[in-house]
Amino acid sequence: NTSNFFPNWIELLKNGETLTAFTDEYRMPVHAVDAAEGLFLLLNKAKTGIWNLGGRQSLSRYDFAVQMAASFGLPKEHIKALKQSELSMLAPRPADVSMNSERTFEIGYQPKAPTEVFRELAVSSKL
(Lines give C-alpha, C1' and ligand atoms only; values in the text may rest on other atoms or scores of the structure.)
Protein backbone atom coordinates (compact mmCIF):
# COMPACT_ATOMS: atom_id res chain seq x y z
CA ASN A 1 0.00 0.00 0.00
CA THR A 2 1.19 3.45 -0.86
CA SER A 3 0.89 6.49 1.39
CA ASN A 4 -0.94 8.36 -1.39
CA PHE A 5 -4.63 8.37 -0.48
CA PHE A 6 -5.88 8.51 -4.09
CA PRO A 7 -4.85 4.99 -5.25
CA ASN A 8 -5.86 3.67 -1.83
CA TRP A 9 -9.37 5.10 -2.29
CA ILE A 10 -9.60 3.61 -5.80
CA GLU A 11 -8.51 0.23 -4.48
CA LEU A 12 -11.04 0.28 -1.63
CA LEU A 13 -13.92 0.99 -4.00
CA LYS A 14 -12.71 -1.56 -6.56
CA ASN A 15 -12.72 -4.17 -3.80
CA GLY A 16 -16.25 -3.23 -2.71
CA GLU A 17 -15.00 -1.92 0.62
CA THR A 18 -16.34 1.15 2.39
CA LEU A 19 -14.58 4.46 1.88
CA THR A 20 -15.23 7.02 4.60
CA ALA A 21 -14.81 10.69 3.70
CA PHE A 22 -15.54 13.91 5.54
CA THR A 23 -18.36 16.16 4.38
CA ASP A 24 -17.00 19.06 6.45
CA GLU A 25 -13.31 19.04 5.47
CA TYR A 26 -12.56 21.21 2.44
CA ARG A 27 -9.56 21.33 0.16
CA MET A 28 -8.75 22.83 -3.24
CA PRO A 29 -7.32 19.78 -4.98
CA VAL A 30 -4.73 20.22 -7.68
CA HIS A 31 -2.96 17.60 -9.76
CA ALA A 32 0.79 17.46 -9.07
CA VAL A 33 1.51 18.00 -12.78
CA ASP A 34 -0.52 21.23 -12.77
CA ALA A 35 1.21 22.45 -9.59
CA ALA A 36 4.62 21.71 -11.16
CA GLU A 37 3.61 23.66 -14.28
CA GLY A 38 2.56 26.49 -11.97
CA LEU A 39 6.02 26.49 -10.39
CA PHE A 40 7.67 26.68 -13.81
CA LEU A 41 5.33 29.54 -14.73
CA LEU A 42 6.40 31.45 -11.62
CA LEU A 43 10.07 30.76 -12.36
CA ASN A 44 9.77 31.80 -16.00
CA LYS A 45 8.04 35.03 -15.01
CA ALA A 46 10.65 35.61 -12.27
CA LYS A 47 7.93 36.00 -9.64
CA THR A 48 8.90 36.23 -5.99
CA GLY A 49 6.90 36.23 -2.81
CA ILE A 50 4.02 34.01 -1.79
CA TRP A 51 1.95 32.47 -4.58
CA ASN A 52 -0.79 29.88 -4.08
CA LEU A 53 -1.01 26.94 -6.46
CA GLY A 54 -4.32 25.43 -5.42
CA GLY A 55 -7.06 24.24 -7.69
CA ARG A 56 -10.03 26.33 -8.79
CA GLN A 57 -12.69 24.45 -6.84
CA SER A 58 -13.12 23.92 -3.11
CA LEU A 59 -14.42 20.39 -2.47
CA SER A 60 -15.20 18.39 0.62
CA ARG A 61 -13.32 15.13 0.86
CA TYR A 62 -16.69 13.41 0.39
CA ASP A 63 -17.52 15.32 -2.82
CA PHE A 64 -14.01 14.59 -4.08
CA ALA A 65 -14.56 10.86 -3.47
CA VAL A 66 -17.97 10.89 -5.20
CA GLN A 67 -16.54 12.67 -8.28
CA MET A 68 -13.60 10.27 -8.34
CA ALA A 69 -15.86 7.22 -8.15
CA ALA A 70 -18.12 8.51 -10.93
CA SER A 71 -15.13 9.19 -13.20
CA PHE A 72 -13.69 5.71 -12.65
CA GLY A 73 -17.05 3.96 -12.90
CA LEU A 74 -16.83 2.78 -9.29
CA PRO A 75 -19.76 2.30 -6.90
CA LYS A 76 -20.63 5.50 -5.06
CA GLU A 77 -22.83 3.62 -2.61
CA HIS A 78 -19.68 2.39 -0.83
CA ILE A 79 -18.71 5.97 0.05
CA LYS A 80 -19.80 6.80 3.59
CA ALA A 81 -20.25 10.44 4.58
CA LEU A 82 -18.79 11.40 7.93
CA LYS A 83 -18.21 14.61 9.89
CA GLN A 84 -14.92 15.28 11.64
CA SER A 85 -16.71 15.47 14.99
CA GLU A 86 -17.88 11.86 14.54
CA LEU A 87 -14.33 10.51 14.55
CA SER A 88 -11.60 10.68 17.15
CA MET A 89 -8.41 11.90 15.47
CA LEU A 90 -4.87 12.02 16.82
CA ALA A 91 -4.63 15.74 16.11
CA PRO A 92 -7.22 18.36 15.21
CA ARG A 93 -7.46 19.30 11.53
CA PRO A 94 -8.69 22.57 10.12
CA ALA A 95 -12.05 22.15 8.41
CA ASP A 96 -11.19 24.37 5.47
CA VAL A 97 -7.73 24.88 4.02
CA SER A 98 -8.94 26.24 0.71
CA MET A 99 -6.61 28.86 -0.68
CA ASN A 100 -7.11 31.78 -2.99
CA SER A 101 -4.98 31.27 -6.11
CA GLU A 102 -6.64 34.07 -8.09
CA ARG A 103 -3.37 36.04 -8.28
CA THR A 104 -1.67 33.03 -9.90
CA PHE A 105 -4.59 32.43 -12.26
CA GLU A 106 -4.20 36.02 -13.47
CA ILE A 107 -0.66 35.33 -14.72
CA GLY A 108 -1.69 32.18 -16.61
CA TYR A 109 -1.81 29.34 -14.07
CA GLN A 110 -4.49 26.93 -15.33
CA PRO A 111 -4.99 23.87 -13.15
CA LYS A 112 -7.46 21.30 -14.42
CA ALA A 113 -10.70 20.56 -12.56
CA PRO A 114 -10.61 17.33 -10.54
CA THR A 115 -13.18 15.68 -12.83
CA GLU A 116 -10.97 16.39 -15.85
CA VAL A 117 -7.92 14.90 -14.12
CA PHE A 118 -9.98 11.87 -13.00
CA ARG A 119 -11.13 11.21 -16.57
CA GLU A 120 -7.56 11.45 -17.87
CA LEU A 121 -6.28 9.11 -15.15
CA ALA A 122 -9.12 6.64 -15.68
CA VAL A 123 -8.28 6.40 -19.39
CA SER A 124 -4.49 6.35 -19.08
CA SER A 125 -3.77 4.41 -15.92
CA LYS A 126 -4.11 0.99 -14.43
CA LEU A 127 -5.72 2.31 -11.22
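## Chatting through a predicted model

Student: Where does Ala46 lie?
Tutor: Ala46 sits in the loop that runs between helix H2 (32-44) and S3. Keep in mind as we go that this is a predicted model.

Student: Okay, and is Ala46 buried or exposed?
Tutor: Ala46 is exposed, because its relative accessible area is 62%, and the cut-off for exposed is over 50%.

Student: What about the backbone there, what phi does Ala46 have?
Tutor: Ala46 has a positive phi of about 55 degrees, although it is not a glycine.

Student: Let me step back. How many helices and strands are in the protein chain?
Tutor: The protein chain has 5 helices and 4 strands. Going along the sequence, they come in the pattern α-β-β-α-β-α-β-α-α.

Student: And what box do the C-alpha atoms fill?
Tutor: Taken along the principal axes, the C-alpha atoms of the protein chain fill a box of roughly 50 × 35 × 25 Å. Of its 127 residues, 31% count as buried.

Student: What share of the contacts comes from residues 24 or more positions apart?
Tutor: Those pairs make up 84% of the contacts in the protein chain that have a separation of 6 or more.

Student: What should the 12 residues of H3 span?
Tutor: Helix H3 covers residues 61-72, and at 1.5 Å a residue it should span 16 Å.

Student: Which residues have the most contacts inside the largest nonpolar core?
Tutor: That core has 15 residues, and the ones with the most contacts inside it are Phe6, Trp9, Leu13, Leu19, Met68 and Phe72. H1, S1 and H3 each supply at least two of the core's residues, and H3 gives the most, with 5 residues. Apart from this core lies another one, of 7 residues, among them Leu42, Leu53, Ile107 and Tyr109.

Student: Which residues lie nearest its centre?
Tutor: Of the 15 residues lining the largest pocket, Phe6, Val30, His31, Phe64 and Val117 lie nearest the centre. H5 provides the largest share of that lining, 4 residues.

Student: How does that lining divide by class?
Tutor: The lining of the largest pocket has 12 nonpolar, 2 polar and 1 charged residues.

Student: And how much space lies in the second largest pocket?
Tutor: About 170 Å³. Its lining includes Phe5, Trp9, Leu19, Arg61 and Arg93. H1 and strand S1 (19-22) each supply at least two lining residues, and S1 has the largest share, with 4 residues. By class, the lining of the second largest pocket divides into 8 nonpolar, 1 polar and 2 charged residues.

Student: What is Phe5 in contact with, leaving aside its neighbours within four places in sequence?
Tutor: With those neighbours set aside, Phe5 is in contact with Arg61 and Phe64. Arg61 also lines the second largest pocket, along with Phe5.

Student: Last one, where is Ser101 found?
Tutor: Ser101 is in the loop between S4 and helix H4 (102-106).

Student: Is Ser101 buried or exposed?
Tutor: Ser101 counts as buried, because its relative accessibility is 3%, and buried means under 20%. Setting aside neighbours within four places in sequence, Ser101 is in contact with Asn52, Leu53 and Gly54.

Terms used:
Residues are numbered from 1 along each chain as its sequence is written. This is a predicted model: local features need pLDDT of at least 70, side-chain atom pairs count only at pLDDT 80 or more; totals for chains, interfaces and linings use all residues. Side-chain values use heavy atoms; hydrogens and water are left out. On a 1 Å grid over the protein atoms alone, a cavity is a set of points where a 1.4 Å probe fits but cannot get out, and a pocket is an open set with protein on both sides within 12 Å along at least five of seven lines; lining residues have an atom within 4 Å of a point. Ala, Val, Leu, Ile, Met, Phe, Trp, Tyr, Cys and Pro count as nonpolar, Asp, Glu, Lys and Arg as charged, and the others, Gly among them, as polar. Grid points are joined across faces, edges and corners, and a volume is the space filled by probe spheres set on the points. The expected span of a helix is 1.5 Å times one less than its number of residues. A nonpolar core is a set of buried Ala, Val, Leu, Ile, Met, Phe, Trp, Tyr and Cys residues joined through side-chain atoms within 4.5 Å. Buried means under 20% relative accessible area, exposed over 50%, partly exposed in between (1.4 Å probe, protein chains only). Contact means heavy atoms within 4.5 Å.
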